[in-house]
Amino acid sequence: MPGKKINIFDTTLRDGEQVPGCKLNTKEKIELAIVLEELGVDIIEAGFPVSSPGDFNSVREITKVIKNATVAGLSRAVQKDIEVAADALKYAARPRIHTGIGTSDLHIKAKFNSTREEILQRAVQAVKWAKNFVDDVEFYAEDAGRTENEYLARVVEAVIAAGATVVNIPDTTGYCLPFQYGDKIAYLVNNVPNIDKATISCHCHNDLGLATANSIAGVIAGAGQIECTINGLGERAGNTSLEEVVMIIKQHHGLGFYTNIKTEMLNPVSRLVSDTMRMPVQPNKAIVGSNAFAHSSGIHQDGFLKEALTYEIINPETVGAGGSKIVLTARSGRSALAHRFHKLGYQFTRNDVDTLYEKFLEVADRKKEVEDEDLDIMARQYKQEAIGV
Ligand code: KIV
Ligand code: ZN
């Protein structure tokens with residue numbers, strides 16, 4: 001496989017599950033974890049074990065069924081949290097403790113009433129403590145998006161020296177612009193002397209709709225892991241959407257990255273997560289929305305029917321979407337109508353279609369979408385009129 005492998009860290013079961021109304025029970029979490037492993041994610045963040053006995057149990061049960069993927073448990077930079085996370089992960093084939101603390105001045109003052117030096121010490125202690133239980137320790141610098149780069153670099157250097165294998169640089173509030181987030185990652189690559197001892201991870205929120213763009217800017221600048229969720233679920237406006245970053249990396253292979261995701265599972269997994277979490281997917285959602293491969297305007301339909309690539313950059317089969325759709329509306333043209341009649345088994349000439357098109361527009365102006373049944377009625381009437389019945 002050419003290029004650099006980007007690890008996909010799925011946090012649907014942790015950040016995604018924080019969405020109001022999306023809470024999952026242990027059975028649901030296990031079912032989704034198994035599917036995420038089949039999908040090919042490298043790391044499954046299974047939950048936040050100290051947050052509730054139910055979540056502790058979910059993380060523990062997930063570790064018993066997951067064979068290849070790393071299973072991560074979240075914790076704050078608090079000894080008790082870390083111990084509980086370690087306990088929940090004790091049966092994991094590949095356990096990872098994901099611990100961290102807020103590093104922006106706002107978090108340091110408003111949340112912890114602390115100082116930069118104290119927070120740096122707490123970060124180091126948390127990583128050292130976690131290392132007593134597992135080899136693989138990921139450190140998150142919460143609100144890194146708004147953390148001054150120089151201080152962030154000091155924290156990152158210190159936690160790597162303490163044993164962190166992955167350093168997560170969250171844009172917790174979705175504040176950064178893509179070039180700012182990319183510059184932040186590049187700054188760490190260029191200014192943290194031991195950065196080669198750890199993988200940099202992007203964890204971007206979508207408050208300004210930039211989570212996907214920021215994550216891609218992050219990997220271009222040198223990050224090796226993206227934290228994301230199915231359907232972009234997550235706190236507030238959500239997290240980076242897994243299907244989007246994976247398909248960007250695949251479609252733009254010239255960037256020199258690849259992932260291990262089985263892309264043909266993306267749509268089925270999206271539907272499963274949507275149903276299990278009771279969270280519908282917006283129709284215009286990239287890759288997995290019901291309209292992602294639907295063509296409704298006449299100009300697009302005409303081009304698409306001549307050559308699909310004119311209006312589709314992804315073959316729907318590649319992402320398990322089951323095929324493109326031509327939707328007949330008042331904006332559709334004659335070629336889409338002729339195509340649909342042909343699919344329904346009618347052999348109409350160009351002149352027939354011209355006449356039928358007028359009738360079609362009358363129906364289309366009354367209805368949002370013209371269905372096959374409408375076309376059958378139109379076709380029958382047209383034939384009867386033609387033979388003078
Ligand atoms: O958004 C965030 O900063 C987080 C951390 C807990 C990783 O979710
Ligand atoms: Zn988050």
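User: How many bridges join strand β3 to β4?

Analyst: This is a predicted model, where local features need pLDDT of at least 70, side-chain atom pairs count only at pLDDT 80 or more, and totals for chains, interfaces and linings use all residues. Residues are numbered from 1 along each chain as its sequence is written, and side-chain values use heavy atoms, without hydrogens and water. Strands (E, at least two residues) and helices (H or I, at least four) are DSSP runs numbered from the N terminus, and two strands pair if DSSP finds at least two bridges between them. Strand β3 (residues 43-47) and β4 run parallel, and the bridges joining them number four.

User: Which residue in β5 is the bridge partner of Leu74?

Analyst: Strand β5 (residues 95-102) runs parallel to β4, with six bridges between them. The partner of Leu74 is His98.

User: Which helix makes a right-handed β-α-β unit with β4 and β5?

Analyst: A crossover is right-handed if, with the strands pointing away from the viewer, the path from the first strand over the helix to the second runs clockwise. β3 and β4 form such a unit with helix α2 (residues 53-65). For β4 and β5, the helix is α3 (residues 79-88).

Definitions and conventions: Chains are lettered from A and ligands numbered from 1 in the order in which they are written.
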